[in-house]
Amino acid sequence: MRVEINHARTGADRHPEKANRPDNPIQRKPDWIRVKAPNHPIYHETRELMRANRLVTVCEEAACPNIGECWSQRHATMMIMGETCTRACAFCNVATGMPNPLDIDEPRRVGDAVAKLGLRHVVITSVDRDDLKDGGALHFAETIAAIRASAPDTTIEILTPDFLRKDGALPVVVTARPDVFNHNLETVPRLYPTIRPGARYFHSLRLLDQVKAQDPSIFTKSGIMVGLGETRGEVLQVMDDLRSADVDFLTIGQYLQPTKKHAAVDRFVPPAEFEDYARMARAKGFLVVSATPLTRSSYHADSDFLALRAARAKMLAA
């Protein structure tokens, strides 16, 4: 089955549920989070490879500011199960609506692309698929298997939805044994009703805890955005909650407003505050922390995975 990917969808067409919301003016970004437009030849090679294999990337769909840097190094986060999400989070630029049926050939194409790119480490994410009985768990497992078959030396990181009300879904993914299981909390619990209304904070936290309970060898990872109106105390409490679930890796980045219909930026958090958060997170026991204005879930994921593995080995040797 061929899936048509429409990267030109914009505005109300991408986010019909936000069309009637009041506008939130987009603030001018400070100098520390401005990035250059992509123009490296390898960036274009990566882009063409994604097109040739009819693959969706969260880099494009979520308007990631790091796309130029990452794609110029042949790093791309592939987004499986289509380009349309069944959720309507106030921060996210991925299109929302009713998705197409799953493309059963997609896992093979992802595996082929990973092999062609020669990746040491790959990140696979997805849209939320509340329309599927298992939330797409089996599709994740099949994609992991396809990558193992085509690129056996590549380490695999997955960034999954929450599988809310999908009994039995999580063990299917864990049994496929990704090297890193990432699920983002996104924000502090107080802001969930407005920022992540379709999700439940403690369910997401429990998901991460259950991964470790089922397979302690899998690294777990989670991340939040700041600049949405959270307090420092709330961020520190999220760190404590994640450590209580034995999460290994924490990412913290600045929220950037995609359109005037999305949640407004409360403030741009200066780099010094990110450094403070990183120090606090390390003190709380995370093996690896990435906390900068431009940090995103899969930013520098390959080098961070090597650091993660080295940190665990050092801890076990102590």
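1. A cavity here is a set of grid points where a 1.4 Å probe fits but cannot get out, and its lining residues have an atom within 4 Å of a point. The model is predicted. With that in mind, start with the second largest cavity. Its lining is made up of Ile26, Gln27, Lys29, Leu256, Gln257, Val265 and Phe268. About 40 Å³ of space lies inside. By class, the lining has four nonpolar, two polar and one charged residue.

2. How many cavities of 30 Å³ or more are there? The count comes to two. The largest cavity holds about 50 Å³ of space. Arg87, Asp128, Arg129, Asp130, Gly135, Pro161, Asp162, Phe163, Leu164 and Lys166 line the largest cavity. Six of these lining residues are charged, three are nonpolar and one is polar.

3. Next, helix α10, residues 232–244. Does its length agree with or depart from what 1.5 Å a residue would give? Its 13 residues should span 18 Å, and the end C-alpha atoms are 19 Å apart, which agrees. Just after α10, Asp246 takes a positive phi of about 65°.

4. Which residues of α10 are buried? They are Glu234, Val235, Leu236, Val238, Met239, Asp241 and Leu242. In an α-helix there are 3.6 residues a turn, so residues three or four places apart point the same way.

5. Helix α9 can be checked in the same manner. At 1.5 Å a residue, its 14 residues should span 20 Å. Its end C-alpha atoms are 20 Å apart, so the two values agree.

6. The buried residues of α9 are Tyr201, His203, Ser204, Leu205, Leu207, Leu208, Val211 and Lys212. What covers them? The cover includes the helices α7 (169–175), α8 (192–195), α10 and α12 (301–317). Strands β7 (180–182) and β8 are also part of the cover.

7. Last, strand β2, residues 77–80. Are its faces covered or open? Both are covered. Thr77 and Met79 lie on one side, Met78 and Ile80 on the other, and all are buried.

8. Where does β2 pair? Four bridges join β2 to strand β5, residues 121–126. The two strands run parallel. Within β5, Thr125 is the bridge partner of Met79. Met79 is also one of the buried residues of β2.

How values were computed. Residues are numbered from 1 along each chain as its sequence is written. This is a predicted model: local features need pLDDT of at least 70, side-chain atom pairs count only at pLDDT 80 or more; totals for chains, interfaces and linings use all residues. Side-chain values use heavy atoms; hydrogens and water are left out. The expected span of a helix is 1.5 Å times one less than its number of residues. Buried means under 20% relative accessible area, exposed over 50%, partly exposed in between (1.4 Å probe, protein chains only). Contact means heavy atoms within 4.5 Å. On a 1 Å grid over the protein atoms alone, a cavity is a set of points where a 1.4 Å probe fits but cannot get out, and a pocket is an open set with protein on both sides within 12 Å along at least five of seven lines; lining residues have an atom within 4 Å of a point. Grid points are joined across faces, edges and corners, and a volume is the space filled by probe spheres set on the points. Ala, Val, Leu, Ile, Met, Phe, Trp, Tyr, Cys and Pro count as nonpolar, Asp, Glu, Lys and Arg as charged, and the others, Gly among them, as polar. Two strands pair if DSSP finds at least two bridges between them.
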